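Hello,

I am handing over a structure for you to look through. My notes on what was found follow below it.

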Amino acid sequence: MNIKKALCASVALATMAIATTPAYAGTAELLKRLHEKGILSDEEYAELLAEENKPSPAPAASGAAPAGDTMTRATESVDSSRMVRMAASGIGLEVGPATITFSGSVNGFYVHDNPATPTARTAVTGGIASVGANNSSAIRNGLLPGFLKVSVATQQSGWDVGATFGMYPGINSTAWGALGANNGGQPTALATAGIDFRQTYMTFGKPNVGTFKIGRDIGLFGSEGILNDITLLSSGTPGNNVAPGNTTLGRIGVGYIYTDFQPQITYTTPNLKGLQASVGVFQPLSSLTGPAESNSAPGFQGKVTYDGKFGDVAARLWVSGITQKHDIVGGGSYTGSGVDFGGKVTVGPVTATGYYYTASGLGTTVLGLFDTGLPQTGSGIAKRDSSGFYAQALATFGKVSVGGSYGESHLDYASNTDRLANPNLLDVNSSYVGQVRYGLTSWVTLIGEYVHSKAVAHSGNKAESDALAVGGILFF
């Protein structure tokens with residue numbers, strides 16, 4: 001390749017985005033700006049400018065571009081199939097037949113927690129209200145940690161194919177243990193933050209067939225509860241604010257059971273006029289507080305959603321379910337199951353959401369926590385029933401949004417034996433949340449929040465705490 005052709009090709013590649021803008025309509029002006037920016041050396045600039053200033057011969061009968069048309073010749077010398085282009089939407093790029101996109105979030109809050117004073121009457125096993133001798137202050141993540149997601153999508157043999165990787169780092173140092181990055185905090189010098197690698201999955205599908213997903217991603221049961229919760233973008237109930245871990249509690253255990261990110265194989269139907277269904281098999285989870293398990297069957301989850309608009313009213317409705325058999329090492333088994341349903345309605349500036357769940361053998365905060373009592377007579381395991389709900393509203397006026405919510409989670413005894421053995425077992429967790437948001441930019445939202453949390457035991461013990469959170473969250 002001669003030097004002129006090589007230089008033209010380099011100019012075409014380096015200036016593709018600039019060359020198409022009205023500000024650089026002339027080739028000579030474009031070359032001048034590239035020279036000023038250091039993209040072209042003095043020698044390259046002089047040679048290309050001389051090429052551009054050569055008299056142009058008459059166009060050939062075939063309509064071919066004049067030999068002196070520098071930019072046309074440069075463009076023709078480039079293999080467009082090997083170019084890297086900006087993605088049509090979002091932050092990303094197109095490389096050959098594949099589109100690579102990036103999305104992410106960063107958040108941080110100052111959280112001041114005023115806990116209940118520890119006494120014999122504030123002991124509640126499974127309570128979410130904090131208890132401590134002193135107030136606490138923390139700079140921490142909210143219910144969401146930060147995240148960076150990388151997705152690759154393409155079409156092969158008529159199939160839409162994709163892969164997603166999602167890393168969720170917290171800003172607080174982690175005390176690594178059985179729960180990994182979610183084990184708890186370690187606010188000391190030289191400690192490091194934890195990365196919760198929640199998402200690693202592939203998808204393939206067709207518009208008229210539906211989509212299959214294989215890998216690790218958010219579950220189906222309970223997912224709408226947390227994804228529509230206003231505390232998802234803020235703090236909610238702090239949990240441990242003295243040594244904060246990756247996240248706060250939000251409304252986990254105060255209105256819904258945490259859906260979690262789980263290994264799965266799921267299928268989602270095509271969208272049929274707003275109606276869509278998903279069903280999947282899941283890695284069976286062992287109880288966090290029950291006996292050791294050796295599970296022989298997977299878990300099963302399903303969800304149905306409907307999105308519709310009725311005049312000026314937009315609505316989203318859902319129902320989901322979960323079931324899993326637990327095989328106990330040494331004999332015996334029990335089945336954990338649950339159903340939830342809810343809806344979100346938007347009318348003008350106001351969005352209202354309602355959610356409810358009922359479960360048996362699932363626990364009341366995360367799946368498998370406080371899900372069973374003591375063994376029944378024989379080989380069975382006594383299950384604890386649970387239920388919960390929340391109601392919320394969010395009104396938006398320009399850049400300002402004002403919202404509030406109330407929610408409860410209930411946990412029942414598994415048996416009279418359970419009642420006698422665990423007199424201070426949680427009966428009800430509840431919380432009030434008041435929230436104000438300000439949309440500083442299209443990426444940045446500033447948030448202030450007040451949260452009153454309460455935990456009541458079956459024995460009558462009670463703990464209450466109050467928290468203030470101020471901070472912000474960014475999405476791109």
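**Notes on the model**

The chain exposes about 22800 Å², and carbon and sulfur atoms supply 61% of that area. Please keep in mind that this is a predicted model.

Among the contacts with a separation of 6 or more, 61% are between residues 24 or more positions apart.

The structure holds one cavity of 30 Å³ or more. The space in this largest cavity comes to about 130 Å³. Its lining is made of 17 residues, and the ones nearest the centre are Leu285, Ile322, Gln324, Leu362 and Leu367. Two strands, β11 and β12 (313–327), each supply at least two residues of that lining. The largest share is that of β12, with four residues. Sorted by class, the lining of the largest cavity has 11 polar residues, five nonpolar and one charged.

Then there is the second largest pocket, with a volume of about 320 Å³. It is lined by 24 residues, and Lys213, Leu220, Thr268, Ser278 and Lys303 are the closest to its centre. Which elements give two or more residues to this lining? They are the strands β8 (210–218), β9 (261–268), β10 (275–282) and β11 (299–310), together with the helix α6 (223–227). By class, the lining of the second largest pocket divides into 13 polar, six charged and five nonpolar residues.

Strand β11 therefore deserves a look in both places, as a reading of the definitions of strands and helices is enough to follow its numbering. β11 gives two or more residues to the lining of the second largest pocket, and β11 also supplies at least two residues of the lining of the largest cavity.

Is Glu44 buried, exposed or partly exposed? Its relative accessibility is 24%, so Glu44 counts as partly exposed, given that buried means under 20% and exposed over 50%. Glu44 and Leu31 are 13 residues apart along the chain, and their C-alpha atoms are separated by 9.6 Å.

That is the end of my notes.

Regards

Note on methods. Residues numbered from 1 in each chain as written. Predicted model: local features only at pLDDT ≥ 70, side-chain atom pairs only at ≥ 80, totals over all residues. Heavy atoms only, no water. Contact = heavy atoms within 4.5 Å. Areas by Shrake-Rupley, 256 points an atom, 1.4 Å probe, with all protein chains shown as cover. 1 Å grid on protein atoms, 1.4 Å probe; cavity = no way out; pocket = protein on both sides within 12 Å on 5 of 7 lines; lining within 4 Å. Points joined across faces, edges and corners; volume = space filled by probe spheres on them. Nonpolar A, V, L, I, M, F, W, Y, C, P; charged D, E, K, R; others polar. Buried < 20%, exposed > 50% of the residue type's maximum accessible area, 1.4 Å probe, protein only.
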